[in-house]
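Please look over the sequence and the structure shown below before reading on. The report then goes through them part by part.

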Protein chains: 2
Amino acid sequence: MQGTGNRSSPARCLTAGNILGLGKIGTHPGRKEGKPKARICFCWSRLMALKRMGIVSDYEKIRTFAVAVVGVGGVGSVTAEMLTRCGIGKLLLFDYDKVELANMNRLFFQPHQAGLSKVQAAEHTLRNINPDVLFEVHNYNITTVENFQHFMDRISNGGLEEGKPIDLVLSCVDNFEARMAINTACNELGQTWMESGVSENAVSGHIQLIIPGESACFACAPPLVVAANIDEKTLKREGVCAASLPTTMGVVAGILVQNVLKFLLNFGTVSFYLGYNAMQDFFPTMSMKPNPQCDDRNCRKQQEEYKKKVVALPKQEAVQEEDKIIHEDNEWGIELVSEVSEEELKNSSGPVPELPEGITVAYTIPKKQEDSVPQVTVEDSGESLEDLMAKMKNM
Amino acid sequence: MQGTGNRSSPARCLTAGNILGLGKIGTHPGRKEGKPKARICFCWSRLMALKRMGIVSDYEKIRTFAVAVVGVGGVGSVTAEMLTRCGIGKLLLFDYDKVELANMNRLFFQPHQAGLSKVQAAEHTLRNINPDVLFEVHNYNITTVENFQHFMDRISNGGLEEGKPIDLVLSCVDNFEARMAINTACNELGQTWMESGVSENAVSGHIQLIIPGESACFACAPPLVVAANIDEKTLKREGVCAASLPTTMGVVAGILVQNVLKFLLNFGTVSFYLGYNAMQDFFPTMSMKPNPQCDDRNCRKQQEEYKKKVVALPKQEAVQEEDKIIHEDNEWGIELVSEVSEEELKNSSGPVPELPEGITVAYTIPKKQEDSVPQVTVEDSGESLEDLMAKMKNM
């Protein structure tokens, strides 16, 4: 089921005095040459052991990737720390919040950092942990028009080498607007991203991989949540104080970054959707194809391009690609991985997709008028949010 | 499936300036009166929200519990941090290692702590995060005879009030000997504990709840591991450098402390065994009743006492208790929660229990000679380890 490593010639453990230096892994593409390196090198021994054990074929490649983390809260901060400790090449952090004492029931931030911006506090901590990582931090809200343009620019040009695109965007935000902004940007740029979320009652969460054109985007279907009718997107909007636990957020960050490692380093099975129900220790999985009637014009465009790409593939590969994502079992094209049955959906209004046990929708989308397919943009997402919120309240 | 909270009267979010003080939660039973409190109070707002949302009926009770964490490495340090941030009453930490730079690919420790003892470094960090927690740290190896006696004494007397027993022992160690020592102590004292582990290839792990007499102890059956024939217990013994990832260790710590919260605060379903296969995102669960022929005399004694307790219960409760743990489906009394099938067991020798998909044994125990039922003690566990290791090598 998984690599068992080569036990015949066990490698001796590399200790602090026996570290793989930077030189052995190659020159950091984003770091200027000639810079003095009078500092502690990050120790790679336990990570490079993944190669010796046959899990990852080329672990060093981690240093060539640039990943953006949007939202540096309970999930995002731990996500950034895990990536830093895994030796990622570059991290771009986006958040506009300040550290508060009310955040101390989650991992990462410390009381003495209260009042600092989250990105500034995070950069300071993370740089100390692994000085090999390049950091770029932005203390702003990505949903305003101006910042959104800058955010798009950094996705396109903020890679390890300036001017090249980044490799992955991770959404660790706590509200619907920010998720829609990331979705809009990634659809326009054809940027693969992963979404994460924790319910406001703190006992469920999920991660989701979104490859524009290939898997459902955030606007293709109602956002999926795990086994709870309430949803975290009302947080901060209505002044509701959400519950949170370091456990749930740590698990969600862990499965998110695990999925990132598998995706970037090409090992194991990358999950399209993985839920976590902490009350029952239940972890539903599923995948979803994109909605051809998606409100987002760029999503529909990416779907067309993806279809052309699949057609252009050599025959065998194309069949595998088709197998992977085309499922006509139900209206929403959802591929079921576990049992179909969801009691909680019974009372919902509007068309409801068939979903694996334990996954439900945050709300349902009403039937559209035939000839109006509004494009979701950052400017009008505020309005559509109000509509959706009103509908959710009536559920 | 889980509480949805009361949405009709949302509580306003408590910010840093609006913190639930110590006084409101009650006097800390383990803290001397009259002590000045000129320090930042830990903010409980996001934790107390669990009550308002109907998840936990009495969250404040967390402050009355004392938990021991044995092993403050990749899993134990994060476990201790999560419990600290959840507001546990008292933490007892046991470890004899020093922080090394080779630990920096896991969460918690920072490079500037290299060279410090793990318990000392952890106490310093955790006390800063939540000064309300009482800490007691022991920088020693629990498997030596003298330290083992002291360890037993602290389980019996190290509770929140000195002289009372602690509430839970968590095993976050990385070797077989230390697990057997904890098992021996907990069987003798009737102490409930939870075991955790991560495979040496870094891509699987598990947690296990052990209630002496009620569920299988660590000596009742071969240790269970998730979907890998290799096992982490050779780590440090043979100089094999195990791989490790902050992701897997973060997930295991998260599901461990989540189980602790559910157990102590009485909500959700407490898992007896929960595995994590990171390659497939597969989380098998199961439970196991104790082995009446367990090598540990105290385990057999606890089983007798548990039977008496069940008989003494009012009829309805007794039936539920019986239902919960007695399963005669197979030789090992393992209750199957998921599908039965495990290819990897085919090549094993000795009696092999039927196990859910994805869980396998680290090794099998050979048939015992009829009239010798050796008692596992700390003194002789070293010997039996060698036997077992030799057998494993021949597998």
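## Confidence in the model

This is a predicted model. Its scores are ipTM 0.79 and pTM 0.79. In chain A the average pLDDT is 77, and 65% of the residues reach at least 70.

Where pLDDT is low, the predicted coordinates should not be read in detail.

## Chain A as a whole

Chain A contains 10 helices and 11 strands. Of its 395 residues, 61% are buried. The accessible surface of chain A is about 15,600 Å², and carbon and sulfur atoms supply 48% of that area.

How much of the contact in chain A joins residues 24 or more positions apart? Among contacts with a separation of 6 or more, such pairs account for 67%.

## The nonpolar core

In soluble globular proteins, nonpolar side chains tend to be buried together. The largest nonpolar core of this model has 138 residues. The members that touch the most others are Tyr59(A), Leu91(A) and Leu170(A), along with Tyr59(B), Leu91(B) and Leu170(B).

## Two pairs of strands

Strand β5 of chain A covers residues 193-198, and it is largely enclosed by the rest of the structure because 6 of its 6 residues are buried. In a regular strand the side chains alternate between the two faces of the sheet. In β5(A), one side holds Trp193(A), Glu195(A) and Gly197(A), the other holds Met194(A), Ser196(A) and Val198(A), and all of these are buried. Strand β4 (residues 168-171) of chain A runs parallel to β5(A), and 3 bridges join them. Within β5(A), Glu195(A) is the residue opposite Ser171(A).

In chain B, strand β3 (residues 134-138) is mostly covered, with 4 of its 5 residues buried. Strand β2 (residues 90-94) of chain B is joined to β3(B) by 5 bridges, and the two run parallel. Leu92(B) has Glu136(B) as its bridge partner in β3(B).

## Aromatic rings

Over all chains, the whole structure has 13 aromatic pairs. One of them is formed by Phe176(A) and Phe218(A): the pair is tilted, with 5.8 Å from centre to centre and 50° between the planes. Phe176(A) is in helix α6 (residues 176-189) of chain A, while Phe218(A) is in the loop between β6 (204-210) and β7 (224-226) of chain A, so the pair links distant parts of the chain, 42 residues apart. Phe176(A) counts as buried at 4% relative accessibility, and Phe218(A) counts as buried at 6%.

Trp44(B) and Tyr59(B) form another pair, which is edge-to-face because the planes of the rings stand at 70°, with the centres 6.3 Å apart. Trp44(B) lies in the loop between α1 (22-25) and α2 (45-52) of chain B, and Tyr59(B) in the loop between α2 and β1 (66-70) of chain B, so the pair ties together parts 15 residues apart in sequence. Trp44(B) is buried at a relative accessible area of 1%, and Tyr59(B) is buried at 1% relative accessibility. Elsewhere, ring pairs link Tyr276(A), Phe283(A), Tyr276(B) and Phe283(B) into a cluster.

Is Pro246(B) buried or exposed? Pro246(B) counts as buried, because its relative accessibility is 1%. This residue is in helix α7 (residues 246-265) of chain B. Leaving aside neighbours within four places in sequence, Pro246(B) is in contact with Met82(A), Arg85(A) and Cys86(A) of chain A, and with Asn105(B), Arg106(B) and Leu107(B) of chain B.

Lys61(B) lies in the loop between α2 and β1 of chain B. Its relative accessibility is 41%, so Lys61(B) counts as partly exposed. Lys61(B) and Val252(B) are 191 residues apart in sequence, and their C-alpha atoms are 24 Å apart in space.

Notes. Residues are numbered from 1 along each chain as its sequence is written. Chains are lettered from A and ligands numbered from 1 in the order in which they are written. This is a predicted model: local features need pLDDT of at least 70, side-chain atom pairs count only at pLDDT 80 or more; totals for chains, interfaces and linings use all residues. Side-chain values use heavy atoms; hydrogens and water are left out. A nonpolar core is a set of buried Ala, Val, Leu, Ile, Met, Phe, Trp, Tyr and Cys residues joined through side-chain atoms within 4.5 Å. Buried means under 20% relative accessible area, exposed over 50%, partly exposed in between (1.4 Å probe, protein chains only). Contact means heavy atoms within 4.5 Å. Accessible areas come from the Shrake-Rupley method with a 1.4 Å probe; for residues, only the protein chains shown count as cover. Rings of Phe, Tyr and Trp (its six-membered ring) pair if their centres lie within 6.5 Å; planes under 30 degrees apart count as stacked, over 60 as edge-to-face and the rest as tilted. pLDDT is the predictor's confidence in each residue, from 0 to 100. Two strands pair if DSSP finds at least two bridges between them.
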